[in-house]
Amino acid sequence: MDFLECVKSAGVVGAGGAGFPTHVKLDAKAEYFIVNAAECEPLIETDKYLCRTFPDRIVRAVSATAAQVGASRAVIAIKAEYEAEIAALKEAVRAQGAGVTFCEMPSFYPAGDEQVMVQLVTGRSIPERGLPLNVGAVVDNVGTMLNVADALEGKPVTDKFLSVTGAVVKPVVGNLKSK
């Protein structure tokens, strides 16, 4: 099965909230493939967790996705203050010999905004009501990359990682599937 069919069959959609079908977004050609690893909201920590926990799988998915869209530049955009996450991802890039670079961004609101990120990485501004593709870029987030990694291994999307913040009486880490 080819890349797009794997992603479509697995039910991969944007894991950042919009839910746009990933196989449609990745059926394009672009100069840049950018991974958003810089959560916009200050209390969200999901991307950080994924980058620390699954760096090898994320980097493999980034490389495969960049190849799919024909990108000459694969870039992980991440806040510079995410030192442990950057170290984990850079080690995965080194170990795989992947052609992935980093845009270490300052920490500001809304650093995770797609338009801000595209401008920082490419130096180009997305036109009003436009898409990153209008300036030669495709952007997906870290959670989507993890789902792409699963899809390429034949696993459908069945779970979603998210941050729970606030006063949690009984925090739980792990699988919360009902029995």
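**Exercise 1. In which helix is Asn147 found?** Then decide whether Asn147 is buried or exposed.

*Solution.* Let's start with the ground rules. This is a predicted model, where local features need pLDDT of at least 70, side-chain atom pairs count only at pLDDT 80 or more, and totals for chains, interfaces and linings use all residues. Residues are numbered from 1 along each chain as its sequence is written, and side-chain values use heavy atoms, leaving out hydrogens and water.

Step 1: Asn147 lies in helix α7 (residues 142–152); helices (H or I, at least four residues) and strands (E, at least two) are DSSP runs numbered from the N terminus.

Step 2: Asn147 has 12% relative accessibility, so Asn147 counts as buried (buried is under 20% relative accessible area, exposed over 50%, partly exposed in between, with a 1.4 Å probe and protein chains only).

Step 3: Leaving aside residues up to four places away in sequence, Asn147 touches Val12, Ala15, Val157 and Asp159 (contact means heavy atoms within 4.5 Å).

**Exercise 2. Work out which residues of α5 are buried and which are exposed.**

*Solution.* Step 1: The buried residues in α5 are Glu85, Ile86, Leu89, Ala92 and Val93.

Step 2: Seen down the axis of α5, these buried residues fall within an arc of 130 degrees, so they line one face of the helix. The arc is taken from the directions from the helix axis to the C-beta atoms.

Step 3: Glu83, Arg94 and Ala95 are exposed on the other side of α5.

Step 4: The cover over the buried residues of α5 includes α3 (46–53), α4 (55–69), β2 and β3.
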